[in-house]
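Dear colleague,

Please find the structure below, followed by a short account of what was found in it.

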Amino acid sequence: MAIVPMKRLELYGLVRNKASFLSELQRLGLVELIEPAAEDRRSETEEMIRNELFLIEEKLGEINRILEVFERFAPQKPNFVEQFSGMKTVLTWEEQQNYLAKKEETTRLADRVFNAEKEHNLLEQEKVKVEREISALRPWTNLDLPVASWSGSKRVAILLGSFDQNLQALVGELEQEKIPYYCQVIGEYDNRIYMVFFFLRESRAEELLRAKGFAAAWPELAAGTVGERLAVLGEKKQELETNLAKMEKTIQVLADQRPLFQTLYDYWHNQKIQVEAGRQLLTGKAVFALEGWVAAEKVTRVEEVIASLKLPHYLRFSDPQADEEIPILLENKKVITPFEKLVEGFSYPRSDEVDPSAAIAPFFFLGYGMALGDAGYGLVLSVICLVLMAKVPMGSSGRKMAWLFFISGLGTIFFGLLSSSIFGYSFYPGLFNVVEQPQLLLVISLGFGLVQLYVGTMISGWISIKNGDAAEAIWGKGVWLLFLTGLLLIAGGSQIGLGAYATQIKYGTLAVAILLVIGNGRGQKGIWAKIKAIPGGLMTIYGSIGFFSDVLSYSRLMALGLSGAVMGSIINLFVEMTWGAPIGWVFSICIFLFGHALNFGLNLLGAYVHCSRLQYLEFFNTFFTGGGRPFTPLKLENINIFLKKEREV
Amino acid sequence: MVLGTFYAFLGVAVAVLFSGIGSAYGVSIAGRVAAGVVTEDPKKFGQTLVLTALPGTQGIYGFVIGMLMFFKFSGFVGAIPLEAGVRFLVAGFPVGIVGLFSAILQGKVAAAGVGIVAKRPEESAKGIVYAGLVETYAILAFIISFFLYNSITI
C-alpha cells in the first residue's frame, strides 16, 4: 500500500541551454512539470513556441501522409493478438538510432513516395475516364454503321436509341399508319433494347416513336465504328492497368521504408512534447525557471543526470506544501503491482488516502478463482498470459494487465483443484462439487463477501487511527462491526451451535446498537446538539441493510461459477454423446475444443467484469473514494515503434 | 400430452426463449455501434468485441437453466405430474423475463461503452464495468431460477 512520496523540484538554468535540459528530463521521464500561473507567462515565449510547434506539426503532417500512402497500398495486417494490443514496429535501440541518422535522406524518399502516389492517382483518373466511355459505348457494340453515315442520306434518316418495352408496342403505330421503316435491333443491355431505325425524312416516324417513349441517343464517337473504338479503349485500359500495377509495386517497395518513417514520426512527436513542455517554463531574458514533481527516491538520480550535463544550473528540492495537490504514483511489491491496474481503472487515490492495491489483491485473486472456477481454464489463462508476455511487445501497462490475468489464472487453478473441476470433469473427489452443492457455494460466496467487507471496514478504521481520529475508529467502525456481528449471530447463531445464548446475543446486540446511536453524538457540544445527533445515529443502524445487501451482491460469484461449471458439463455431455458414433471422435474433439473455448471466453470476461465491480462498488464503498491525479512525467512516448530494450537512462 | 409434461417443457422454453431473444437483441445493439467504430478504426476490433459479447451472457444463463431442467425430467419415465410441471414453468420465468429485458438494456449501455472505446480508448475498462452493472439483475434472476429448479423433485 504505497503512494510514492513526492518532492518539489526547482531548476534554474540559462535560456540558451533550455532545450538540452528539457530533452534530458524527457529522456529521464521522472519529472512532472508544474504549469506556472498564467500571468507569469510571457507572450514572446508563447509566440516562439507556437512557431516551433508549427514547423514540427508540418513535419508530422507530411510523415503522416506518407504513412497513409503506405497503408493504402501496402496495408499492415494485424494478427489476432494485435487486433487487441495494437500494432507497433519492434526496433532495437541501435536500429532506431540508425533510422534517426538517416533523417536527411528522407526528403528525397518522401518526394518519391508523393510522386508515385500522384502518378498513380492520374492513371486512376484516366482509367475511370476510359471505363466510363467503354460503358457508354458497350450497348452499341454490334452497330457496324460507321459514325460518318449516322446522319443518313438525303431522303433517309437514321435514328439510334433505346426502348424499355416490347418492340411490338413501339412499332405498332408505325405499322398502323403504314409508315415505311426499317428497324434493326442491336442488342439488349440493362433491360433496354438498343436499336437503329431507318425511315423517310418527311415521315412522322420520329415524332411517333418519341411519343411512345423511344429514347433517342447518339453515342459519342469521333470516327469509325463503335467496335473499332471499343477495341482501342480496351487496349488502352489494359495498358493503364499494367501501369497502375507497376506503380503500386513501386509504392509497395517504397513501403519497406515504413519503419524509418514511423521512427521519424515518433521522433518528431517527442520533439513536439518537448517544445510544448517549454510552456511550463518561466523564461526571462537570460535565465529560465522550471518547477516540477519528482518521486523522493529518484531525487539523487535526477541530480546526477542534470549534473552530468555540465551546464550551469541551480537545482533545489523541497517538501510539498500542505495545500498542494500532489500527483499520485503507486508503488507496490512485485506481486501486488498488477492489481494497481484495477485501482487505476477506478480512480487514483487522493494523497491523503491509502493505495488499495494490496487490499484488493487477495480478494480479487480468490474471487476471480471462484467465478471462473475451473482448473483447466485457469491453466489455459495463465499459459496464454505467459506466452503473450514472451511474444508480444507490451508497454508497462499491458504487462500489468497480462500479469493480472496470469495471477487470476492461478487463483482459478487453486479453486478449480479445490472443487475438483478440470475442463468440467471431476477426476477425484474434491472438497465439494459446485454443481451438486450449489448452496454450499452460495454460502462460501457470501462468507467471502462478508470477510472482504469486514476487512474494508477495518482498513477504514485503521485510516482513521492513522489520521489521529481514534474515536472514529472505535465508535464508528469498531462498534459498527460488533453490531453487524450481533445481527449475524441473531440470524444464524443457532446454526453454529450458539442457540443456547440466543437471548444474551439479542440483548448484547441491542446494547451495541444503543452504543452506536450514542456514539454518533460524540464531538457535539452541549446536550441539545447531542440529542439532535440521535436520528443520525438511527440512520447508521439502518445502514446495516446497505451492508448486507452489499454482502448479497457477492452471490454473483456463485452464479458465475455455477453457470460456467454447468455449461462445461453440458459440453462434456455432448462430447460423450458423439463419441460412440462412427468417426464420432472427430466431432467430439471439435465440440470439446469449440465449446470450452466459448465457455472459457465468456466466463473469463464475466469473471473480470464482476470481480472488478465487487472491488469498485462493494469493497471501495467501505474505505476508498479516489479522485487523485495520476503522476504524468515528461517522457518519451512512442506511438508507432516499440523499443525492444529501452536504453538505460 | 399430459398437462404436467407440457408445463415442464414450457418451462424450458420460457427460460431459453426469452433470455435468448434478449441476448440476441442486446448483442445486436452493441454490435451495430461497434461495427460503426471499426469502420473508422479497424484496430478497435478487440476492445469493441468484449463489449459486444457482454449482453450475450443472459442467453447462456437461460440455456443453462433450460438444460438443467431438461436433464432433470428427461431421466423421469412416464408423464410428469402437474405440480412438478408447473414448478418447472415458474422456475423458468425469472431467468427468462429478467434475461430478456436486462440483455436489451445492457446492450444499450454496452453500445454507449463502445463510444468510450472510440473516443477515449484508455478508459474503455470503465465502459465494461458499466455494462456489467446491468447484468447484476440477470445474475440474481439466474440464482433464483436455479434454486427454484433445485427444489423440484419428481
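Two strands are said to pair if DSSP finds at least two bridges between them; strands (E, at least two residues) and helices (H or I, at least four) are DSSP runs, numbered from the N terminus. This is a predicted model, in which local features need pLDDT of at least 70 and side-chain atom pairs count only at pLDDT 80 or more, while totals for chains, interfaces and linings use all residues. Residues are numbered from 1 along each chain as its sequence is written, and chains are lettered from A and ligands numbered from 1 in the order in which they are written.

In chain A, strands β5 (residues 181–189) and β6 (residues 192–200) run antiparallel and are joined by eight bridges. A:V185 has A:M195 as its bridge partner in β6(A). Two residues lie between the strands of this hairpin, where A:D190 takes a positive phi near 55°.

Between the chains, 23 residues of chain A are in contact with 24 residues of chain B (contact: C-beta atoms, placed from the backbone, within 7 Å). On the side of chain A that touches chain B, the elements giving two or more residues are α3 (80–85), α20 (555–579) and α21 (584–623) of chain A. The largest share of that side, nine residues, comes from α20(A).

With the contact definition above, A:V31 touches A:L9, A:L25, A:G292, A:W293, A:V294, A:V302, A:P633 and A:L634, residues up to four places away in sequence not being counted.

Yours sincerely

How values were computed
Two residues are in contact if their C-beta atoms, placed from the backbone, lie within 7 Å.
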